[in-house]
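Work through each task before reading its solution.

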Amino acid sequence: MSEPRLLPCPFCGSTLVQLSGAGPGHTGDMDAFVECLACETEGPLFNGPEQRIDEAADAWNSALRPPPTDPEETPGTERKTQ
Ligand SMILES: [Zn+2]
């Protein structure tokens, strides 16, 4: 079994991210989610009779991306006139 590729944490930029999961619990379902070991962010939880690690990884890689910052709006780049 090959694990899906995970992007760095969208919040702290750490690559210490891993797929976690629990189960099967008393319901027989298994949990799967991605977590950042550096800032303890957890991605969306996927729950089902099979461990949905691909979906958990996909959600981490896509849904948690922060909005792109505009490179034009960099403060402190005022031009001085002499
Ligand atoms: Zn993080």
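**Exercise 1.** What percentage of the 82 residues of the chain count as buried?

*Solution.* The model is predicted: local features need pLDDT of at least 70 and side-chain atom pairs count only at pLDDT 80 or more, while totals for chains, interfaces and linings use all residues. Residues are numbered from 1 along each chain as its sequence is written. A residue is buried if 20 or more other C-beta atoms, placed from the backbone, lie within 10 Å of its own. Of the 82 residues, 13% count as buried.

**Exercise 2.** State which pattern the chain follows along the sequence.

*Solution.* Helices (H or I, at least four residues) and strands (E, at least two) are DSSP runs, numbered from the N terminus. The chain holds one helix and three strands, and the pattern reads β-β-β-α.

**Exercise 3.** Describe the sheet and the pairing of its strands.

*Solution.* Two strands pair if DSSP finds at least two bridges between them. The three strands form an open sheet of order 1-2-3 with antiparallel pairing. Strand 1 (17-22) and strand 3 (46-48) are the edge strands, each pairing on one side only. Six bridges join strand 1 to strand 2 (residues 30-36) in the antiparallel sense, and Gly21 stands opposite Ala32 in strand 2.

**Exercise 4.** Across which strands does helix 1 lie?

*Solution.* Contact requires C-beta atoms, placed from the backbone, within 7 Å. Helix 1 (residues 53-62) lies across strand 1, strand 2 and strand 3. Axes are lines fitted to C-alpha atoms, for helices over the stretch in contact, and angles run from 0 to 180 degrees between N-to-C directions. Helix 1 runs at about 30° to strand 2.

Notes:
Two residues are in contact if their C-beta atoms, placed from the backbone, lie within 7 Å. A residue is buried if 20 or more other C-beta atoms lie within 10 Å of its own, exposed if 12 or fewer, and partly exposed in between; C-beta atoms are placed from the backbone.
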